Each structure stands twice: as C-alpha cells, then as structure tokens.
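Please open the model and keep it in view while reading. These are a colleague's notes, written to be checked one point at a time.

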Amino acid sequence: RGYSGNGGPALEAELNEPYEIRFDRGENMFFVEMRNHVVRRVDAKTKLISTVAGTGKEGFSGDGGPATKAELRQPHSIQFDEQGDLLICDIGNHRIRKVVVKAGLISTFAGTGERLPTPDGAKFSRAPLNGPRAIDFDRAGNLWLALREGNSIYKLELKAGTIHHVAGTGKSGFRGNGGPALEATVSGPKGISVAPGGNVYFTDTESNTIRMIDVRKGTVELVAGTGERGDGPDGDPLKCKLARPHGIFVDADGAVFIGDSENHRVRVIR
C-alpha cells in the first residue's frame, strides 16, 4: 500500500484502495484511488501508469488549472462523457469535478461544496450535493447520480444544465417498493448503473439490497435482497440475502452484476 510508480510499469506501482475502473475509447484504463485522493491511468499499449487528477494529498483546490496539481477529497466514482472528458465524484468535497482530458484541466462540474438538500430543477453548477457517490450515463446523455448521504437519486440533464430529483425522500429507510420513486426511502446508495433499456439500478447499501427505478412508471422496484443482512442462498434474487453491496453493473444483455461487498462475492442476475 502506498503512492508511487508514476511514469513506470503499472505492475510496479504502489496503490491505496483502488475503487472504480473505467476505460476510455482508446482502451486506456482509468481508476480511482480513494485513499490517495487521485485518479490514475494505465496506458493500453505501454502499460505505464500516470496520475491524471489529484496530488496525493487530501483537500480542495485547483479549479481552472492542471488536474495533476488539484486536490481531491476521497474520489469514488468516475465516468466519461460523450466528448471523452472525465467526471469524478469528489465525495468529500460534495462536488462532481470534470477533467478535460486533452487539455489536462480540472473544474467543478456540479455542486457547491455544501452538505444541503438539492433543489429539484436547479442549475447543477449552483446546486449543493450531499455525498455524490456514484454516476452513470444513459443513452440520451443524461447523468444519473446517487447521493450516499443524501439518500436519493438524481438525474442531471446536461443540455439544460439542470438537476432533477427522481427517487428517495432524503431520509434513510427501506420503504416504497412498487410505489412512486419520490415517495420511497433509500438507505445509503453507493453504486448505480443504467441498463440498456433505460431503467436505473442502484445498490441500496445499508438496506443490503439492489433496487431499480422503472423510468417509465416512475416507481422503485426491489431486484435482489430481502432487507436483512446475510449470505444467499443462490436462486431467487428476492430470497437471496446480501451484505452491504457496493458495486453494480448492468451488461449489454441485461445481466446484473453485483459486488456483494461484505460477503466477498460477485453475484449475477440473468
């Protein structure tokens, strides 16, 4: 565990709690190191590692300048937009940061740094975000956001520059399955993935479940877990207990992969 190796072979580098991984169009690998407060890149051809954002020190600084001289605080989720630029959930700073990859410059994309409720329909550049933990894009180019401490799911409409409340009341809980998403309570969502058909899956970590927003119906549905912590059994997803799941990914064929974190398993629903 450490922070070293930039400019050298990735296999010789020291890391500290790598979290989310994404690949750009050139198949270069980008990943977050939460405890080093950086985002790093492994070149697909040379296998050399470099830092693309963060200094290795915790803080908030650097907007408008080089991303490698900016400070982050516990970055967690990353994603590429349609232009190939990198968005980072800078959770400790309650912001989403953006790195223009070709220029190497960083800015705040959304959030004010305040831990306050997010007003529905506000401009996301001026709206507070309480614990932005995970992000994913839908096919229309909208950015879906899970607020861990805010216990809610939002959608950012990039063309309009606005943010919209989709699910969760803001209070922690496990109510409302099958009913209106805005009336449901969620419990510390930490992962999010948009399915090919547009429905939005998220890990409701503290309720030990996987839930889904049916975007056409406007409802929240239970997909896996019982609400009780446990380990399985395999078979019916609604009878399979989970233990604080964090990661989720919906594949092109609709298969749902789950990082069942404290059971030390990867589960799949097909």
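This is a predicted model: local features need pLDDT of at least 70, side-chain atom pairs count only at pLDDT 80 or more; totals for chains, interfaces and linings use all residues.

The points below go from the whole chain to single residues.

1. Secondary structure. How many helices and strands does the chain have? It has zero helices and 19 strands.

2. Overall size. The chain has 270 residues, and a compact globule of that length would have a radius of gyration near 18 Å. The chain has 18 Å, so it agrees with the globule rule. Along the principal axes, the C-alpha trace spans about 50 × 40 × 30 Å.

3. Of the 270 residues, 51% count as buried. The chain exposes about 12,200 Å². Carbon and sulfur atoms supply 50% of that area.

4. Contacts along the sequence. Take the contacts between residues at least 6 apart in sequence. Of these, 38% join residues at least 24 apart.

5. Charges. The chain carries 36 positive and 34 negative charges. Their mean positions are 2 Å apart.

6. Cysteines. A disulfide is a covalent bond between the sulfur atoms of two cysteines. The structure holds zero disulfides. Are Cys89 and Cys240 buried or exposed? Cys89 is buried, because its relative accessible area is 0%, under the 20% cut-off. Cys240 is buried too, with a relative accessible area of 7%.

7. Backbone exceptions. Most residues other than glycine have a negative phi, and most peptide bonds are trans.

8. A cis bond. Look at the step from Gly232 to Pro233. The peptide bond there is cis, with omega near 5°. Pro233 sits in the loop between β16 (219-224) and β17 (247-250).

9. Glu17. This residue is not a glycine, yet its phi is positive, about 55°. Where is Glu17 placed? Glu17 belongs to the segment before β1 (18-23). Glu17 is partly exposed, since its relative accessible area is 31%.

10. His94. Here too phi is positive, about 55°, and the residue is not a glycine. His94 lies in the loop between β6 (86-90) and β7 (95-100). Is His94 buried or exposed? At 10% relative accessibility, His94 counts as buried, because the cut-off is under 20%.

11. Val42. This residue is part of strand β3. Val42 is buried, with a relative accessible area of 11%. Which residues does Val42 touch, leaving out those up to four places away in sequence? They are Ala10, Asn28, Met29, Phe31, Lys47, Leu48 and Ile49. Ala110 lies 68 residues from Val42 along the chain, and the two C-alpha atoms are separated by 27 Å.

12. Ala44. This residue is in the loop between β3 (38-42) and β4 (49-53). Ala44 is partly exposed, with a relative accessible area of 24%. Leaving out residues up to four places away in sequence, Ala44 touches Gly26, Glu27 and Asn28. Ile78 is 34 residues from Ala44 in sequence, and their C-alpha atoms are 18 Å apart in space.

13. A link between the last two points.

Note on methods. Residues are numbered from 1 along each chain as its sequence is written. Side-chain values use heavy atoms; hydrogens and water are left out. Helices (H or I, at least four residues) and strands (E, at least two) are DSSP runs, numbered from the N terminus. Buried means under 20% relative accessible area, exposed over 50%, partly exposed in between (1.4 Å probe, protein chains only). A disulfide is a pair of cysteine sulfur atoms within 2.5 Å. The radius of gyration is taken over C-alpha atoms; the globule rule is 2.2 Å times the number of residues to the power 0.38. Contact means heavy atoms within 4.5 Å. Accessible areas come from the Shrake-Rupley method with a 1.4 Å probe; for residues, only the protein chains shown count as cover. Lys and Arg count as positive and Asp and Glu as negative; His and the chain ends are not counted. The place of a charge is taken as NZ of Lys, CZ of Arg, CG of Asp or CD of Glu.
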